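What lies behind each of them?

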Amino acid sequence: RERPRRSRSPLFSERRSRQSKSPSRTRSPIRRVRSRSAERKRRESERRRLSSPRTRTRDDILSRRERSKDISPPSRWSPSRRRSRSPIRRRSRSPLRRSRSPRRRSRSPRRRDRGRRSRSRLRRRSRSRGGHRRRSRSKAKEDKFKGSLSEGMKAEQESSSDENLEDFDLEEEDEEAEIRQRRLQRQAIVQKYKGQAEDSNLSVPSEPSSPQSSPRSRSHSPEGILERVAADVKEYERENVDTFEASVKAKHNLMTVEQNNGSAQKKLLAPDMFTESDDMFAAYFDSARLRAAGFGKDFKENPNLRDNWTDAEGYYRVNIGEVLDKRYNVYGYTGQGVFSNVVRARDMARANQEVAVKIIRNNELMQKTGLKELEFLKKLNDADPDDKFHCLRLFRHFYHKQHLCLVFEPLSMNLREVLKKYGKDVGLHIKAVRSYSQQLFLALKLLKRCNILHADIKPDNILVNESKTILKLCDFGSASHVADNDITPYLVSRFYRAPEIIIGKIYDYGIDMWSVGCTLYELYTGKILFPGKTNNHMLKLAMDLKGKMPNKMIRKGVFKDQHFDQNLNFMYIEVDKVTEREKVTVMSTINPTKDLLADLIGCQRLPEDQRKKVHQLKDLLDQILMLDPAKRISINQALQHPFIQEKI
């Protein structure tokens, strides 16, 4: 039977050979299913790989489709139905349908060219469709003809992309040239002011402003501002040599009769700043107390003290008539602080010129503090050779019987004593407060130039001359370099302590500005601005004036948990007057209740010019006493404030 089959026609043998090449004809049904499942798995893995945005490009999609076309002819039916066809149906395809496939395949080169032209666009599209892993062939065919016009337009746009790139490069070059020009202008301005500063401190600028020039034109130069302030201070000194007491009496006369009657009882409840025990840095000693303590006695009266120079606490035992370092004849005793005691002496080597000698306590910590103060004083004096920035002048230093001694210029008294003697509960005249504020801001300017924080500014550490017209900032025992600001909640005397110190936030020159603001209020009113009994009470008083502290600032505080809860609500801690136990009041909102202007004016019947200056002082204090140090007024801005610049 097989032999006759071999003798069949060539057409039949050709068909037979074609069938033998087809895998679906020669394999058994089981093997055919296996091969189909393997093929399906391969296609699935290929589809997964191509569906990811990173690997799926236009060429990959086209090559995949071409492979699928080679394996099975294209059809409008789904792949599952194509697999289910019988071999007879697959073989009996019409010539017309066969002739369509080459025409359909002939489109692929065109699409490949389009893919090369718009590769970036297709990448964006494939990323946006990265979540869809499978797509049907019908969608692929729709996409084949979709957006052909936009593709053509894209090609035209890309033809001009080189021009766009050139324009972009030109824009970049112009921008860089402009940046370079601005940088050069800034450097020229810096060099100009630097040169002026090196020529002389507070000297007249190289281009002096004419009398007709406006204040705004002069305020552009920092040196010009300092020059004007220094000139105002000199003018105040000339005009008010013997008028300080008279001006304070004039302020007393402005007070109404109501003060003596209605508000007298209220004053008894207010804290007395002269009896506050917290102020340990400036204890005031009268002559009776000094004699009782053994000070001020002559050598002839007490010869046994010659060999006993230091007391149990490390203080030097001072004796009137004693000669220090073979040149300083002690004639008076000024007072005693935590770090030292101060005596008045005459310099026999310089025609009995009066000096103040600060004798540091003899223990390791105090000696270290004294040496640090000496270093800062030398730095400040070297930066201000003409003595125009109102920091105390250090003449020299020496050691006497194992005590470090610092020799200073002599000054009359500190501002605490001035307030006690002349302006208790009333304060000083607005003209004096304006001049003092000018001088304090100049001192802050010098401190900033030398990168120093004073960290203990208060009336006790501000000395004045005999006429009470010139002040000097003194006592740098608590000073530090601005970079060495250790976080401690007890820096600065409590009444003058800035809120950032209390909550444990990083601080800088703003703490001295806050202390100056508290001091200016005290100088004009004669009362302490924030007489807090604890740090918590200090925060409460500050927020009564300015409202609740910003949450952004609270979060940065190391000690915030001592004063604020987890929701950043303020926890006000006070002692119950009945039970004498601590009670905590949680305050989510704190509205300002203290009227600064009313406190400044008080019961005074002020003339119009003074009332205007008091309003300016209130505005200045508002800007100084900002809770957030980032929003606090700077030293340069304070020097340009109308309260400082405008005369009465």
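The questions and answers below set computed values against the definitions of the terms.

Q: What kind of model is this, and how are its residues numbered?
A: This is a predicted model, in which local features need pLDDT of at least 70 and side-chain atom pairs count only at pLDDT 80 or more, while totals for chains, interfaces and linings use all residues. Residues are numbered from 1 along each chain as its sequence is written, and side-chain values use heavy atoms, with hydrogens and water left out.

Q: How many helices and strands does the chain have?
A: The chain has 30 helices and 13 strands.

Q: What share of the chain is called buried?
A: Of the 648 residues, 41% are buried. The term means under 20% relative accessible area; exposed means over 50%, and partly exposed is in between (1.4 Å probe, protein chains only).

Q: What share of the contacts with a separation of 6 or more is between residues 24 or more positions apart?
A: That share is 65%. A contact means heavy atoms within 4.5 Å.

Q: How does the reach of helix 22 compare with the expected value?
A: Helix 22 (residues 430-449) has 20 residues and spans 29 Å between its first and last C-alpha, close to the expected 28 Å. The expected span is 1.5 Å times one less than the number of residues. Helix 20 (residues 364-383) also has 20 residues, and its reach of 29 Å is likewise close to the expected 28 Å.

Q: Why is helix 22 called largely enclosed?
A: Of its 20 residues, 17 are buried, so helix 22 is largely enclosed by the rest of the structure.

Q: What makes helix 22 and helix 24 roughly antiparallel?
A: The axes of helix 22 and helix 24 (residues 510-525) cross at roughly 165 degrees and come within 10 Å. Axes are lines fitted to C-alpha atoms, for helices over the stretch in contact, and angles run from 0 to 180 degrees between N-to-C directions. Angles under 35 degrees count as roughly parallel, over 145 as roughly antiparallel, 65 to 115 as roughly perpendicular and the rest as oblique. Helix 22 and helix 24 are therefore roughly antiparallel.

Q: Which classes of residue form the contact of helix 22 with helix 24?
A: On helix 22 the residues include Ile430, Ser437 and Phe441, and those they meet on helix 24 include Asp512, Val516 and Leu523. By class, the contact has twelve nonpolar residues, one polar and one charged. Ala, Val, Leu, Ile, Met, Phe, Trp, Tyr, Cys and Pro count as nonpolar, Asp, Glu, Lys and Arg as charged, and the others, Gly among them, as polar.

Q: Why is helix 24 called roughly antiparallel to helix 28?
A: Helix 24 and helix 28 (residues 608-624) pack at about 150 degrees with their axes 9 Å apart. That angle makes helix 24 roughly antiparallel to helix 28. Their contact has nine nonpolar residues, one polar and no charged ones.

Q: Is Lys326 buried or exposed?
A: Lys326 is exposed, with a relative accessible area of 80%. It lies in the loop between strand 1 (323-324) and strand 2 (328-336), and its phi is positive, near 60 degrees.

Q: Is Val492 buried or exposed?
A: Val492 is buried, at a relative accessible area of 8%. It has a positive phi of about 70 degrees although it is not a glycine. Most residues other than glycine have a negative phi.

Q: How do you know that Asp628 is buried?
A: Its relative accessible area is 18%, so Asp628 is buried. Asp628 touches Pro550 and Met553, not counting residues up to four places away in sequence.

Q: What makes His641 buried?
A: The relative accessible area of His641 is 5%, so the residue is buried. Leaving aside neighbours within four places in sequence, His641 is in contact with Gln616, Asp619, Leu620 and Gln623.

Conventions: Helices (H or I, at least four residues) and strands (E, at least two) are DSSP runs, numbered from the N terminus.
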